[in-house]
Every structure is written in structure tokens, then in C-alpha cells.
Amino acid sequence: MDDVKQLVSAIKKGDLKPIYFLMGDEAYYIDKISDFIENNVLDEAEKGFNQMVLYGRDVSIDDIVSNAKRYPMMAERQVVIVKEAQDLSRTIEQLTQYAENPQPSTVLVLNYKYKKLDKRKTLYKTINKSGGVVFESKKLYDNQVPDWIRRVLKGQNYDISPKAAQMLVEFLGTDLSKVNNELNKLKIVLPEGTQITPEHIEENIGISKDFNNFELRKAVGECNVVKVHQIAKYFADNPKDNPMVVTVALLFNFFSQLLHLHGMHDKSSRTVASALKVNPYFVNEYLTAARNYPMRKVSTVIGLLREFDVKSKGVGSSAIPQGDLLKELLVRILS
């Protein structure tokens, strides 16, 4: 995120590079940088003749080079943006010759999503050598997304509770574009300065604050049998919104973290949060679960989760409803 800010700040100051090669697994930042260049480098009068958007599936490298070598009309520069440039992955190295001597009056932007240039290849080295930018947008890990949500909202004069942020991640995953879309919906209905709570998430996005994988994990850790069975029943009644494979994956990660916790000598809040890569707000949950599940029991549960992960995918249990499988799994974990 800091790299993105520096890049955008340089563009705002007029420090433009001849090539921006935007690549990586996280499409959100690629789109953000590309959109900023598209919307801000040229004024509206200049865009008609000097800004062109191409799509990788429709053009060749020769087409891109031909457009990039044009001179701007009645403007200092032109902008050529190639979206979905990953569709040119088989021929992308052919851009090397242009990258060796790029047109100084052209800003060429390539959105190379879900793929990366091989850093050992000539094109990568040439872009850097000629004064261009190769930006890699890396996917965030699950534990990094809540902090990303908090930072984004803080910059827009909002706040969010740790539980609400965790609910969004549990429901939406690590796709930052999806998460950002939901945050934008919340900002439409909530005034600036609001702290977003689980209640706001439930009312406006439709994620239950009481019946979700996050609450299931907590109830399992506390050995709260009544709450576990209530959530299991809700999941069984709403299977499309609560796929078992996701629940099993979350529980597997939770018990793997507990195994790590049992092996730690220093169990202070700060040390645990750092080692398990969790928000300090949730550390007591893990400590409670560690007391309820000794190391031997944790190992047994991990074995159970592996067994039911296979079953949830239809191996040896195709006739058993997912809801029944989940209930059986939870009974065996709590027994």
C-alpha cells in the first residue's frame, strides 16, 4: 500500500515514467494505479486525441508498439493503456525492443493481472534499466486484510471494529476489489466518523453477526456446545451461503494455530499475536481454546478435519448432506 502511495504521489507531481508494467496476483492495486493514470495524466481536452485504451485479447505486441511510437497531437504526451495484457503472455517478451528505447512523450501502461514477468528475462531488466516501472501487486494473506480494511477506512474518516473487519474477511475472502465494493456500500449509508460494527455489516451486507464461521470458531474454542449446534443448524439450513469446505478450512487453520501456540514458551498477548499473525483483540480466544484443547486433542482434531475435508468434497460420502457431515464433525471435535 505504501508503494502504491509513492507511485501515485510521483505521478501527481508530474514525475511520469515511459512504461508502467503493473503485474501480480492482486488486481485491485493494478486497477487503482491504471485508473489514476487514465483519469489524471491528461486533461479532458487532450484525451480525445492522445489517450488510447487497448485490450490484450484484441491486439498484438506490434499494435501496441505502433501506438506507443505515435507522437502526441497538440499535447506534451500521450497515454496508451493496455488492459488484460496477460492475454499476451506468450509474446510479451517481444516488447523488449521498444522498452530499450521507449518514446519519451508516451506513457505506456500494461495491466498484467494474475501473472508476473520472469525477473531473469530481458524484458523485466530492460524496463527497469530504461527508467520504467515494474510494479508487483501481491496478494494479501487472510491475516493482513483486516488491517488493510482499517487503514483504508481510516483514510476516509471511518473506523471499524476488529470483529466487523474479521466478518468481512471471513465472508468475502482476500479479494480486495470485492471487499472495497462492500466498504463503498457501507459508506453510502453511514456518515463519516462512524465506527462500523457487526450490526452495520449484518444490516447492510447481509452477513449474520451471530451465525458465521467466525462465531463458530469462537464457540468451538470455548466448547460452547449449545452455540456450536445453533450455528451448525443455521449452516445446514443455509448451505449455499455457508459451504462446508470453507468452514473446514477455517477450523483447520484455527487448530493449526493452536498447535503452534502449545509449542510456544512465551504466551504473552503481544508474542502470541505476532507469532500467530492475529489481531491482539482475538488473542484471548486462542488462549481459551488452548486451555480447552490440550496438544494431543488438537492433533486429533486436525486429523478429523483432514478426514472431513475429503468427505465434504464427495469422497466416500456423496449421499450424506453437507449439513449432516458438519454436525457429525463438530460432535466429534467437542467429544
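The stops below follow pairs of charged side chains.

This is a predicted model, in which local features need pLDDT of at least 70 and side-chain atom pairs count only at pLDDT 80 or more, while totals for chains, interfaces and linings use all residues. Residues are numbered from 1 along each chain as its sequence is written, and side-chain values use heavy atoms, with hydrogens and water left out.

A search of the whole structure finds 19 salt bridges (a side-chain nitrogen of Lys or Arg within 4 Å of a carboxyl oxygen of Asp or Glu).

Begin by selecting Glu44 and Lys47, whose side chains form a salt bridge at 3.0 Å, N to O. Both belong to helix H3, residues 44-50, where they sit three residues apart, about one helical turn (helices, H or I, have at least four residues and strands, E, at least two, as DSSP runs numbered from the N terminus). Glu44 is exposed at 63% relative accessibility, whereas Lys47 is buried at 14% (buried is under 20% relative accessible area, exposed over 50%, partly exposed in between, with a 1.4 Å probe and protein chains only).

Next, select Asp147 and Arg150, which meet in a salt bridge at 2.7 Å, N to O, and which are three residues apart in helix H7, residues 145-154. Asp147 is partly exposed at 34%, and Arg150 is partly exposed at 35%.
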